[in-house]
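Dear colleague,

Please find the structure below, handed over for your review.

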Amino acid sequence: MSTTPEGATPGYLVWRLSTKWRVAVDRAVAPLGLTHAQYSIVASLHGMRRAGLRPSQRQLADHTGLEPLYVSKLARALETAGLLERTRDPQDPRAVRLALTEEGSEVTRRAIKVVQGLLQQLLEPLGGLDSERTRDFARDLALLLDTPLHADPEKEQS
């Protein structure tokens with residue numbers, strides 16, 4: 001039996017799914033000393049490094065969708081924990097470049113494995129991580145994420 005209320009709106013379902021995912025990731029990465037938000041930072045840095053990038057805090061904020069001030073706060077906490085290094089950009093003294101430390105890379109690799117297992121579990125009803133249904137779902141989510149929101153919906157209706 002479904003615990004989802006009958007007639008639930010797509011907005012409600014997206015909110016509930018995102019909350020479920022955040023809580024699940026928080027619990028899964030906690031033994032590694034990370035929160036879900038910290039995981040999003042280190043996993044993004046890991047992927048960006050593999051692509052040959054060493055992003056600034058601003059670039060990482062743009063990549064993750066997190067507020068720059070929040071990324072700065074997370075980066076400082078991860079630096080204090082020895083998982084990340086922050087250095088001034090020689091070309092732009094206002095910019096701070098981020099990189100995982102050796103320990104940060106190791107923790108991140110372990111966290112990614114844990115979260116991939118969690119993702120496989122979450123997507124099992126759609127046929128798993130590699131199913132066509134999951135690819136369609138990801139494509140639909142990307143479409144929704146790429147659709148800009150208007151600043152003031154009430155002005156649009158006038």
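In this predicted model, Arg-58 and Asp-62 are separated by about one helical turn because they stand four residues apart in helix α3; helices (H or I, at least four residues) and strands (E, at least two) are DSSP runs, numbered from the N terminus. The side chains of Arg-58 and Asp-62 meet in a salt bridge (3.7 Å, N to O), a term that requires a side-chain nitrogen of Lys or Arg within 4 Å of a carboxyl oxygen of Asp or Glu. Asp-62 is exposed, since its relative accessible area is 53%; buried means under 20%, exposed over 50% and partly exposed in between (1.4 Å probe, protein chains only).

Residues are numbered from 1 along each chain as its sequence is written, and side-chain values use heavy atoms, with hydrogens and water left out. As the model is predicted, local features need pLDDT of at least 70 and side-chain atom pairs count only at pLDDT 80 or more, whereas totals for chains, interfaces and linings use all residues.

The structure holds eight salt bridges. Another of them joins the side chains of Asp-26 and Arg-22 (3.7 Å, N to O), and both residues lie in helix α1, four residues apart, about one turn of the helix. Asp-26 is partly exposed at 26%, as is Arg-22 at 40%. A further salt bridge links Arg-86 with Glu-79 (3.5 Å, N to O). Here Arg-86 counts as partly exposed at 24% relative accessibility, and Glu-79 is partly exposed with 32%. Side chains of opposite charge can pair when their charged atoms come close.

As for the overall architecture, the protein chain has seven helices and two strands, which run α-α-α-α-β-β-α-α-α from the N terminus on. Its C-alpha atoms fill a box of roughly 55 × 45 × 25 Å along the principal axes. Of the 158 residues, 29% count as buried.

Pro-55 lies in the loop between α2 (36–50) and α3 (57–64). Which residues does Pro-55 contact, leaving aside its neighbours within four places in sequence? They are Leu-45, Met-48, Leu-60, Val-96, Arg-97 and Leu-98, where contact means heavy atoms within 4.5 Å.

Leu-144 lies in helix α6 and counts as exposed at 58% relative accessibility.

Finally, the largest pocket has a volume of about 1900 Å³. A pocket is an open set of points on a 1 Å grid over the protein atoms alone, where a 1.4 Å probe fits, with protein on both sides within 12 Å along at least five of seven lines; lining residues have an atom within 4 Å of a point. Grid points are joined across faces, edges and corners, and the volume is the space filled by probe spheres set on the points. The largest pocket is lined by 40 residues, of which Ser-18, Trp-21, His-36, Leu-141 and Leu-145 lie nearest its centre. Helix α1 gives the most to this lining, with 11 residues.

With kind regards
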